[in-house]
Amino acid sequence: MAEVEKESSNEKLSKDQIEQDEKTQEDFQKNGEQIFNQEMFEELAKQKNYNALAKIAEKDKTQFKIFKRLKWKGQLYQINESIRVNFQDTLRIGIIKRITSIKSFIDNQELPLLQLNWYYSKMDLDSQWERYMKCFSEYELFLTEISDFIFIGQIIDKVKVLSLNEYDSFLDDDISGQNRLFFMRCTYNSEKKSINPNLNELEKVCFCEMPQNPDLVYIFCESCKKWLHMDCVHLTEDEAKNIEEYICVQCNK
Ligand SMILES: [Zn+2]
Ligand SMILES: [Zn+2]
């Protein structure tokens, strides 16, 4: 955190650090008026109000540039990459949707900003999803439509967001200890508080018909060919280790 804090909004990118994208002037919103001035820039940069800064600067094509990729402290950042950032003193994960820079009036240097769409973790979901917590992983992310601009110096590191299948095969390779590895199978609409696709459409396990959570341990029934939750079949992990061929209570009836 301290390292991020050190990098104040005064830190700007020199021109040779920027790889500019080939954008035509038509790509920028046209607005003849000069509405962006030094005072405004300084005030908003001081407040770290990058959303407002970007919104105003976007209207003036001389002050606002858009990039496909941008190099910062030796690291290349591109659209659609996922990153961890320090946002209002909390650690958040987002996906890069836009890379811009705003020219400062003070010294004509660039203030590089990224527009992110935030991911939610299961803890961020609305309380109506409480009873499904068992089927969501600690490492599961839900992409939301909520977006903010951040200063590039707020980035902590890049993270990988895999599909559940990819994530599962990584776990099989026994590199589960590796951090910065997440998966996503659903998005989340923060207004409707809905998960998409609907949980009914996800692959299910066990008699309880819950979507699979890769954090949990399951036992396989050789008869019904289902993966079953330990607590649903009333077994402990130690008991399960000593069973070679498991036939579940429902198949044994
Ligand atoms: Zn179950
Ligand atoms: Zn069975």
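Author: Here's the tour, starting with the ground rules and the confidence.

This is a predicted model, in which local features need pLDDT of at least 70 and side-chain atom pairs count only at pLDDT 80 or more, while totals for chains, interfaces and linings use all residues. Residues are numbered from 1 along each chain as its sequence is written, and chains are lettered from A and ligands numbered from 1 in the order in which they are written.

On pLDDT (the predictor's confidence in each residue, from 0 to 100), the protein chain averages 84, and 82% of the residues score at least 70. Residues 1-33 are the stretch to watch: pLDDT there is below 50, and beyond near neighbours in sequence the stretch has 45 contacts in the model. Where pLDDT is low, the predicted coordinates should not be read in detail. A contact, by the way, means that two residues have C-beta atoms, placed from the backbone, within 7 Å.

Now the overall layout. The protein chain has 6 helices and 14 strands; these are DSSP runs numbered from the N terminus, with helices being H or I of at least four residues and strands being E of at least two. Of its 253 residues, 25% count as buried. Buried means 20 or more other C-beta atoms within 10 Å of the residue's own, exposed means 12 or fewer, and partly exposed is in between, again with C-beta atoms placed from the backbone. Take the contacts between residues at least 6 apart in sequence, and 61% of them join residues at least 24 apart.

So, the helix. H3 covers residues 50-57, and its buried residues are Tyr50, Leu53, Ala54 and Ala57. Looking down the axis of H3, these fall within an arc of 95°, so they line one face of the helix; the arc is that of the directions from the helix axis to the C-beta atoms. What covers them includes helix H2 (38-47) and the strands E1 (64-67), E5 (90-103), E6 (110-120) and E7 (140-151).

Leu53 of that face also shows up in the largest nonpolar core, which has 38 residues. A nonpolar core here is a set of buried Ala, Val, Leu, Ile, Met, Phe, Trp, Tyr and Cys residues joined through C-beta atoms within 7 Å. Along with Leu53, the residues with the most contacts inside the core are Ile102, Leu113, Leu114, Phe142 and Ile150. E6 gives the largest share of this core, 7 residues.

Strand E4 (residues 82-87) pairs with E5 in the antiparallel sense over 6 bridges, where pairing requires at least two DSSP bridges between the strands. Asn86 stands opposite Leu91 in E5. The two strands form a hairpin with 2 residues between them. In the loop between E4 and E5 you'll find Gln88, whose phi is near 45°, positive in a residue other than glycine. Asp89 is in that loop too, with a positive phi of about 65° although it is not a glycine. Gln88 counts as exposed because it has 10 C-beta neighbours inside 10 Å, and Asp89 counts as exposed with 8. E4 also pairs with strand E8 (residues 155-162), antiparallel over 4 bridges, and there Arg84 stands opposite Asp157.

Further along, Asp124 is in the loop between E6 and E7. Asp124 has 16 other C-beta atoms within 10 Å, so it is partly exposed. From C-alpha to C-alpha, Asp124 and Ser190 are 9.7 Å apart in space and 66 residues apart in sequence.

There is also a second, separate core of 5 residues, including Cys206, Ile219, Cys221 and Cys248. Ile219 is in contact with Leu235, which also contacts Met230 and Ala240, leaving aside neighbours within four places in sequence. Leu235 is in the loop between strand E14 (227-229) and helix H5 (237-241), and counts as partly exposed because it has 18 C-beta neighbours inside 10 Å.

Pro197 is in the loop between strand E10 (194-196) and strand E11 (204-205).
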